[in-house]
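I opened the model to look up a few local features and kept notes as I went. The entries follow in the order I made them.

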Amino acid sequence: MKMYKYLTFITVLVLVCNGSADILNFSGGDKSNYTFPKEFFFGVSTAAIQIEGAWNEDGKTESIWDHLIHTNPDFVRDRSNPDVAADSYHLYKRDAEMVHELGVDIYRFSISWPRILPTGLANEVNPLGILYYKNLINELVKYNITPMVTIYHWDLPQKLQDIGGWTNAHIVDYYTDYANVLFANFADKVKYWVTFNEPMQTCLEGYGGTYRAPALDRHGIAEYLCTHNLLKAHASAYHLFDQQYRPTYGGKIGMSLDSNWAEPKANTSKDKAAAELYLQTHVGWYAHPVYSAEGNYPPDLIRLVDEKSRQQNYTRSRLPKFSPEEVVYIRGTADFFGLNHYTTYMLSMADGEVGKIPSHENDIGIVRVQDASWPSMSSSSWLKVVPFGFRRLLRWITKEYNNVPIIVTENGYADFSGVHDDARVSYYSHYLNALLHAIHEDNSSVIGYFAWSLMDNFEWDDGYVSRFGLYLVDFKSPNKTRTAKDSARLYASVVSSRGLPADYDPEDFTAFSAASKLVPTVLPVLPLLPLYRLIL
Ligand code: PNW
């Protein structure tokens with residue numbers, strides 16, 4: 001234990017030497033006896049393609065992820081695919097049982113568009129697709145678990161991609177028809193709807209880049225077209241639900257946006273502006289049109305893309321514009337702000353051009369990095385453990401979007417497997433501690449929290465290498481055996497006690513810094529020890 005304390009001290013020293021003195025304390029707050037408010041709800045999240053398998057069973061057709069991986073197996077780190085995944089298409093009863101074991105109130109899962117509409121269009125509704133989700137919903141209701149449905153979690157029917165996908169303006173109608181089928185079949189029992197999961201991943205990384213399907217790489221153009229159509233589709237589904245289904249069935253509808261926290265790299269006004277610009281032009285790209293009082297894209301984004309487009313000799317801005325009627329049509333179309341949060345970055349202004357030309361990155365002109373010494377050890381290289389970032393982000397969203405009720409629809413940690421997952425236990429403890437402080441000390445308007453994920457699953461380009469589950473899935477076993485990890489027990493105890501375990505220590509980050517990994521990093525700074533004392 002002493003050795004660990006020493007290493008923690010040394011880690012702090014490394015941070016100071018790296019110039020990050022203002023973020024010495026990673027934790028989201030001190031030890032406290034705060035508890036989660038009475039009405040606060042807990043849940044777990046999954047997504048169809050990451051768990052279901054049965055990729056071509058009972059009438060389902062290819063999604064853009066099936067297609068990308070079938071045609072380019074090298075896209076995935078372990079050359080695996082989601083054809084079978086955790087086989088939840090057949091094992092949904094066990095899934096519901098696991099949600100029940102955790103004692104949570106809500107299960108968030110997504111519906112596969114190509115399973116419901118094999119042509120992508122509503123001319124043909126697949127009865128076996130409807131039946132699968134009806135069965136799952138009934139199983140949840142049996143345990144008194146509220147179902148939350150994500151309408152779109154990245155798996156567009158390939159048949160729609162063939163005609164332009166999210167860059168085709170007609171997708172607004174196609175998506176609305178699809179949402180209508182879901183509302184008509186499931187709104188009697190589904191009380192929470194998420195129109196889109198992380199649209200920035202779809203548009204910026206999938207259309208502007210190659211990191212997500214369809215890996216189009218039409219940077220500078222396609223990410224803006226995709227976003228434009230997607231926001232209209234969101235608003236259209238909201239209005240449909242609000243006018244035609246809510247009066248009969250009740251229920252809430254919103255969107256889930258992914259956001260990192262942005263910390264200024266140095267304590268300068270320039271870096272502070274860069275961090276704010278990051279938030280405005282990333283999460284704000286999607287949030288400002290829906291959640292701000294004035295609506296429309298964030299002014300900074302409009303200014304920067306218009307300016308660059310002019311310099312680059314385009315006839316018109318690469319950023320399409322909403323008409324005043326569209327601004328009003330999109331503004332206010334959400335009952336809650338779904339937030340998916342995992343990690344934090346440090347921001348500074350770019351020195352000259354950055355990224356590909358043209359691209360969103362180049363248009364904005366900022367640089368983001370992570371401090372190599374931030375706790376991690378995760379199988380996902382980007383996942384640094386910075387709980388205070390979660391707390392600061394919740395405060396920023398609460399203020400920026402006028403106290404909108406926030407539901408954290410995803411938060412979690414990835415490792416390489418194992419049921420004794422100390423790092424995940426530690427991650428959840430620290431982030432839930434930050435959340436408690438956000439609620440009680442910052443008045444952040446958070447009303448619910450979901451852990452990502454219920455079980456290990458197909459982690460996109462990381463395949464089955466990166467595990468996010470509270471339950472371990474033995475992907476080699478014929479029946480995809482699911483076993484509770486230590487983190488499942490931790491989460492269940494938080495849910496039932498509505499607070500953190502008595503032995504939780506907000507200063508303890510040792511689970512993320514195995515001594516063997518840390519020592520080579522810290523040894524070179526040891527001679528600087530007297531200097532550190534001097535500074536203090
Ligand atoms: C989310 N980031 O993606 C997705 O919604 C899940 O499907 C996924 O499995 C999970 O998180 C873990 O990766 C992310 O920018 C998108 O830090 C973006 C980020 C993180 C996760």
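**Entry 1: a tryptophan in a loop**

I looked up W166 and found a relative accessibility of 0%, so W166 counts as buried (buried means under 20% relative accessible area, exposed over 50%, partly exposed in between, with a 1.4 Å probe and protein chains only). This is a predicted model, in which local features need pLDDT of at least 70 and side-chain atom pairs count only at pLDDT 80 or more, while totals for chains, interfaces and linings use all residues. Residues are numbered from 1 along each chain as its sequence is written, and side-chain values use heavy atoms, with hydrogens and water left out.

W166 sits in the loop between α7 (158-161) and α8 (171-186). For the element names, helices are DSSP runs of H or I of at least four residues and strands are runs of E of at least two, numbered from the N terminus. I also checked W166 against C203: the two are 37 residues apart along the chain, and their C-alpha atoms are separated by 8.0 Å.

**Entry 2: salt bridges**

How many salt bridges does the structure hold? I noted 25, where a salt bridge is a side-chain nitrogen of Lys or Arg within 4 Å of a carboxyl oxygen of Asp or Glu. I went through some of them.

D462 pairs with R77, and the closest N and O atoms are 2.9 Å apart. D462 belongs to the loop between β11 (446-452) and β12 (471-473) and R77 to the loop between α3 (64-71) and α4 (88-102), so this pair ties together parts that are 385 residues apart in sequence. D462 counts as buried at 10% relative accessibility, whereas R77 is partly exposed at 45%.

K142 and E139 form a salt bridge through their side chains, at 3.0 Å from N to O. Both are in helix α6 (residues 127-142), and because they are 3 residues apart they are separated by about one helical turn. K142 is exposed, with a relative accessible area of 57%, and E139 is buried, with a value of 10%.

I also noted that R94, E97 and E101 are linked in a network of salt bridges.

**Entry 3: R246**

R246 lies in helix α10. The side chain of R246 meets that of D335 in a salt bridge of 2.9 Å, N to O. D335 is in the loop between α14 (324-330) and β7 (337-340), so the pair joins parts that are 89 residues apart in sequence. Buried or exposed, I asked of R246 and D335? Both are buried.

Which residues does R246 touch, not counting those up to four places away in sequence? I listed Y238, F241, G251, K252, I253 and D335, with contact meaning heavy atoms within 4.5 Å. I also looked at F183, which is 63 residues from R246 along the chain; their C-alpha atoms are separated by 9.6 Å.

**Entry 4: α10 against α12**

Two packed helices are described by the angle between their axes and the distance between the axes. Helix α10 (residues 222-249) packs with helix α12 (residues 283-291) at an angle of about 30 degrees, and their axes are 11 Å apart. Axes are lines fitted to C-alpha atoms, for helices over the stretch in contact, and angles run from 0 to 180 degrees between N-to-C directions. The two helices are therefore roughly parallel (angles under 35 degrees count as roughly parallel, over 145 as roughly antiparallel, 65 to 115 as roughly perpendicular and the rest as oblique).

From α10 the contact takes E223, Y224, T227, L231 and H234, and from α12 it takes W285, Y286, P289 and V290. I sorted the residues of this contact into 6 nonpolar, 2 polar and 1 charged. Ala, Val, Leu, Ile, Met, Phe, Trp, Tyr, Cys and Pro count as nonpolar, Asp, Glu, Lys and Arg as charged, and the others, Gly among them, as polar.

**Entry 5: backbone checks**

I found a cis peptide bond from A213 to P214, with omega near 5 degrees. P214 is in the loop between α9 (199-207) and α10. The peptide bond from W452 to S453 is also cis, with omega near 15 degrees, and S453 lies in the loop between β11 and β12.

R79, a residue other than glycine, has a positive phi near 55 degrees. R79 is in the loop between α3 and α4 and is exposed, with a relative accessible area of 52%. N313 is not a glycine either, and its phi is positive at about 75 degrees. N313 is found in the loop between α13 (299-311) and α14, and at 70% relative accessibility N313 counts as exposed.
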